[in-house]
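Good morning, and thank you for making time on the agenda. I would like to take you through one protein model, region by region, with the cut-offs stated as we go.

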Amino acid sequence: MDSPSPPPTFADRGQVLGDLTHLLGGTLSDEARLRLDPSVAGRRHYWEALIELATQYRLTAALWSALLREGLAVSPPAALRPFLPAGSVAIRLENDWFFNRKRLGDLEAQARKIIAALNAAGISPMLLKGMSHVFADLYADPASRWMVDVDMLIRAEELAGAQAVMTSLGYRPKADDKGAPHHLAPLFLEGHWGSIELHFMPLLPPADGALPAADAWRDAVAVEKDGLSYFHLSPDHLLLHNVIGGQVSDWGYATLTPPLRSLSDFVALARKHGAAIDWARMEAMAEAAGYRGHFEAHLIQAERLFGLVRAGARPYSLAARAHWLLCAAAARWPWPVRRLAVTLKEFRYAYSAESLSHLGLWQGGNEGLARARARLFARHLRQHRLGLGLLGRLSRRP
C-alpha cells in the first residue's frame, strides 16, 4: 500500500506540467522518468495532479499512449480488469483512450463519407486541424489525439453547394446556432459523435489576416487517396495555423496559458516536415499580421516544454523570454486566478466589433457600436440574473 504523500506545492505544478509535456514530446529526463515510474510508492498526489492537468487539456488519451510507448505502463490483462478498482490510474486512462478511439473512428468514417459526397458534387474540401493530422498519419497512435469535431475549409463559391450536400446526408445545425465569423453553424448527424464545421476562412477574425483563405488555397497540397480528393494546408501554413489557433484564437498568449494540445501537434508537425519548413517565412507572415510575439511564444514553449529542436534557430527576443517566464510563473497560480484571465478575455472578444457584427447587433458606426454593447450587456444581465451567475465561471474548468 502506498504511504501517504504531501499535497502538491506550487512548485510541483510546474514540475507536473514539464513531466507531462516532455513525456508527450518523447524527451523525458532520467529524473522525470523516475517520477513517472509506477513502481515508485508514495506518488498518489503527483499522479492526481498529472491526470488533472491532462484532463484539463484533453490529453488523457495522449498520456496513456505515451506511457505505453515509454514502457511506463502496461495495459491490464482482460482477466484482471474486473478485480482492479475503477479509480486506478491504468483503468481511468485506458478507458479514456478506448472511448477516444471509438469516437475518432466514428468521426473519421463521417469525414470519409462527406468527402466522397462532396467529390461527387465536384467539391474538394481542405481538411483542417485534427482530421487533417489523422488523414496525414501524423501520429503513430491516432487515438491519442482528442477530437470533438471535423473542420473542413470550403471555397467561398462552393459553400452553398457544400451546404446542400450536407443537408442531403442528413446533417442539421442546432436551432438558433448562427455559427461563427469564420464558419457556418456546426452540423450534426443523429446517432453520431461530434459535429462538422464548414469553414470559409481558416482562422477566426481578426487573426485571419495571418492566413487569408486565398493564401491557404494557393499553397494547398492536393491529395488523391483511397478514392477521395481533398487538400491539406502547406507545411508552413500548417504550422502557422497551429500557432495562431493556439496563441490567438484559444487565447494562450493573452492568458499566459501554453496551449498544450496545439503545441503537441506543432512539435509533431515540425519533426515530420523538417527541412521543408521555412521558419523565416512563417515569422515574416506572423509579423506582418501583428503576431510576431505570439509566434515566438509558441516556439519557445514548444522548445522548453516539448523539447523541440530547430536547426539554425535564432536567439529569442527579450520579450519572448520574458513571456515564457510569466507563463512558467502562471503555471503555479491557483486555478481561479488563471480562470479569471480566461474569463476577461472571453468578455473582451464578446464585446468586440467582430462578435457584435456576427450577432447582428451592430452594422457600423461608433454610436451604433456603443448601443450594441449596451444591448449585449443588458442581455448578459438577464441571462446571468443581474450578473451574479458570472461568478460561477471562475470556478469552472474548461
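This is a predicted model: local features need pLDDT of at least 70, side-chain atom pairs count only at pLDDT 80 or more; totals for chains, interfaces and linings use all residues.

**Backbone and side-chain geometry of the model**

Let me begin with Lys 129, which is found in helix α6. Helices here are DSSP runs of H or I with at least four residues, strands are runs of E with at least two, and both are numbered from the N terminus. Phi of Lys 129 is near 55°, a positive value in a residue other than glycine. Lys 129 counts as partly exposed because its relative accessibility is 40%; by definition, buried means under 20% relative accessible area, exposed means over 50%, and partly exposed lies in between, with a 1.4 Å probe and protein chains only.

Residues are numbered from 1 along each chain as its sequence is written, and side-chain values use heavy atoms, with hydrogens and water left out.

As to the overall picture, the protein chain has 16 helices and seven strands. Of its 398 residues, 49% are buried. Among contacts with a separation of 6 or more, 66% are between residues 24 or more positions apart, where contact means heavy atoms within 4.5 Å.

Let me return to the region that follows α6. Asp 137 is found in the loop between α6 and β2. Asp 137 also has a positive phi, about 55°, although it is not a glycine. At 54% relative accessibility, Asp 137 counts as exposed.

The loop between α6 (129-135) and β2 (149-153) also holds Arg 145. Is Arg 145 buried or exposed? Its relative accessibility is 12%, so Arg 145 counts as buried.

Two other arginines are placed over aromatic rings. A charge sits over a ring if NZ of Lys or CZ of Arg is within 6 Å of the ring centre and within 35 degrees of the ring normal. Arg 112 lies over the face of Phe 135, at 4.5 Å from the ring centre. For Arg 155, the charged end sits over the ring of Trp 217, 3.9 Å from its centre.

I turn now to contacts between rings. Rings of Phe, Tyr and Trp (its six-membered ring) pair if their centres lie within 6.5 Å; planes under 30 degrees apart count as stacked, over 60 as edge-to-face and the rest as tilted. By this rule there are six aromatic pairs. In one of them, the ring centres of Trp 97 and Phe 98 are 5.2 Å apart and the planes stand at 75°, so the pair is edge-to-face. Trp 97 counts as buried, at 14% relative accessibility, whereas Phe 98 is partly exposed, with a relative accessible area of 35%.

Next, the packing of two helices. The axes of α9 (residues 235-249) and α12 (residues 292-306) come within 9 Å and cross at roughly 100°. That makes α9 roughly perpendicular to α12. Axes are lines fitted to C-alpha atoms, for helices over the stretch in contact, and angles run from 0 to 180 degrees between N-to-C directions; under 35 degrees counts as roughly parallel, over 145 as roughly antiparallel, 65 to 115 as roughly perpendicular and the rest as oblique. On the α9 side, Asn 242, Val 243, Gln 247 and Val 248 meet His 294, Phe 295, Ala 297, His 298 and Gln 301 of α12.

Helix α4 (residues 60-69) is mostly covered, with eight of its ten residues buried. Those buried include Trp 64 and Leu 67. After α4 comes Gly 71, whose phi is positive, near 70°.

Finally, a proline pair. The peptide bond from Pro 205 to Pro 206 is cis, with omega near 0°. Pro 206 lies in the loop between β5 (195-199) and α8 (213-218), and Pro 205 lies in the loop between β5 and α8 as well. Pro 205 is buried, with a relative accessible area of 13%.
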